[in-house]
Amino acid sequence: MVAVRPVPDENERLPMLLGFQPVAENTARQTRFIERGRGIYVYDTDGREYIEATASFYVAALGYQNEELIDALTAQYRELPFFVSAMHRTPKVALDLAEKLVELLPLRDPHVLFGSSGSEAIDFMLKMLRFQAAARGTPARKTVIGRWGSYHGGTLASASLTGGHHEEFLLPLPGFRHVSQPDYHGMRTPGETPHEFSARLARELEETIVREPSGSVAAFFCEPVSFSCGFKVPPAEYFPAIRGVLDAHGVDLVCDEVVSGIGRTGQWFGSQTLGVTPTHMTLAKGITSGYFPLSVVALGRDLYDDLERGSNHVGTLAHAGTYAAHPVGAAAALKMLEIVERDGLVAHAAEMGRHLEMRLRAFADHPLVGDVRALGLGGALDFLRRDGDDRPLQTEAEADAVCLRVYEALFDLGVVARPAGRSLVIAPPLIVQRSEIDEICRRVGKALHLSEEGAR
Ligand SMILES: Cc1ncc(COP(=O)(O)O)c(C=O)c1O
């Protein structure tokens with residue numbers, strides 16, 4: 001039962017809507033207005049300082065006010081602030097970025113298509129898969145599978161792929177199916193091993209595929225590690241089992257690396273950290289550190305070949321995004337990648353991640369904490385506890401409520417973390433320093449203590 005919220009006073013309503021909160025809470029009183037940032041810190045209009053311990057939804061990888069990045073954007077604005085990429089013309093800097101990405105991407109001979117947001121990258125990916133199906137003469141091959149709990153975006157198609165919040169938007173659109181998240185801590189039956197659990201999820205995926213008309217499933221979409229779903233790090237056995245099923249049924253694997261790409265998991269791409277080779281990939285967020293909206297669809301060679309064949313047949317690829325391959329976005333991404341390489345930020349993220357993990361694991365025995373997960377420069381405290389017989393001690397809703405309480409206590413202590421269901425996710429900018437991780441974790445400890453006291 002959803003709580004009935006008080007109707008805000010007419011003068012209090014903001015003239016804008018904010019997402020992932022009740023509409024009635026779009027009020028000045030309940031909103032913090034952030035006006036500047038520096039390093040890993042942001043400041044609101046009351047002068048309060050916060051540590052952005054999620055890089056603001058996993059975006060601001062270089063933190064705030066990175067002068068080099070600002071200079072690169074400014075220079076590009078002066079040189080060529082805009083040019084569209086279509087009809088035999090494109091900004092040269094977009095080509096430079098494509099060449100750099102092709103060098104880095106762990107795909108066989110990839111080609112890239114640009115977009116303006118993560119959602120658009122997902123939509124474009126889905127659209128290209130459909131174009132491929134048409135080009136191959138297999139138009140039925142357009143069903144895709146996502147996972148419950150994963151977030152893939154706000155457009156109709158990406159929200160259909162997202163594993164939740166369907167009913168209120170009358171989604172999903174036709175052709176979207178969902179399978180379980182590899183939530184070993186929450187979903188395992190008492191005593192079930194990671195191997196058994198992974199085999200069960202692989203069976204579920206296979207059953208989902210074979211329930212569909214033969215040859216109609218085009219792709220399985222997943223984040224290598226789902227940040228949106230509360231940082232559910234899959235068991236080591238999960239991806240080999242899933243890959244086996246997909247290969248057996250000729251289904252592509254699309255890794256949505258909108259969050260996990262560009263160093264976040266301690267390697268360039270999350271799929272590398274998880275040891276899985278995707279067929280295609282999507283990137284956004286950290287690729288420009290959020291200084292300009294830009295996303296990437298990285299297409300495997302076979303799909304690219306089919307696009308060529310199909311467009312030869314139709315006469316064109318009738319697709320574009322006015323702001324896709326934006327020169328300022330491309331300049332931002334190129335500079336971002338240069339800084340990440342030059343400053344060894346992928347290795348730095350891995351090193352800082354090990355420190356974060358060590359600090360988070362120190363909370364494993366806290367009475368509120370049921371599980372601690374960490375991977376690369378990301379970690380989560382999970383508030384679902386299990387008893388000595390490996391049975392959950394609370395419902396999901398109860399664990400979610402604990403998570404929210406800790407999140408709010410931490411926010412009051414000036415740290416922005418991310419409550420994702422029953423897990424509190426920490427994933428600071430890639431530039432974070434050891435002492436800053438210590439400070440984040442000192443406040444996490446305090447927030448846990450305050451939340452425990454509040455519960456008594
Ligand atoms: C894994 C993942 N994919 C896609 C998206 C959508 O990206 P955007 O908000 O840029 O449209 C998000 C956003 O949080 C995400 O976490």
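**Entry 1: helix α7 on the sheet.** I looked up α7 and found that it lies across β5 (143–147), β6 and β7 (217–222), running at about 160° to β6. Here helices (H or I, at least four residues) and strands (E, at least two) are DSSP runs, numbered from the N terminus. Axes are lines fitted to C-alpha atoms, for helices over the stretch in contact, and angles run from 0 to 180 degrees between N-to-C directions. Two residues are in contact if their C-beta atoms, placed from the backbone, lie within 7 Å.

I noted that this is a predicted model, in which local features need pLDDT of at least 70 and side-chain atom pairs count only at pLDDT 80 or more, while totals for chains, interfaces and linings use all residues. Residues are numbered from 1 along each chain as its sequence is written.

**Entry 2: the sheet itself.** I traced an open sheet of seven strands, ordered β4-β10-β9-β8-β7-β5-β6, with mixed pairing; two strands pair if DSSP finds at least two bridges between them. The edges are β4 (111–115) and β6 (176–179), each with a single partner strand, so one side of each is left without a neighbour in the sheet. From one strand to the next, the twist averages 20°. I then followed β9 (residues 280–283) and β10 (residues 295–299), which pair in the antiparallel sense over three bridges. T282 has V297 in β10 as its bridge partner. Helix α3 (residues 92–104) packs on the sheet and touches β4 and β10, its direction making about 130° with that of β4.

**Entry 3: α7 and α8.** I next examined the axes of α7 (residues 194–211) and α8 (residues 238–248), which come within 9 Å and cross at roughly 25°. The two helices are therefore roughly parallel to each other (angles under 35 degrees count as roughly parallel, over 145 as roughly antiparallel, 65 to 115 as roughly perpendicular and the rest as oblique). Residues making the contact include L201 and L205 of α7 and I242 and V245 of α8.

**Entry 4: a second sheet.** I found four strands in an open sheet, in the order β11-β12-β15-β14, with antiparallel pairing. At its edges stand β11 (371–374) and β14 (418–420), each with a single partner strand, so one side of each is left without a neighbour in the sheet. Strands β12 (residues 379–382) and β15 (residues 423–426) pair in the antiparallel sense over four bridges, and the bridge partner of D382 in β15 is S423. Helix α13 (residues 396–412) lies across β14 and β15, at about 40° to β15.
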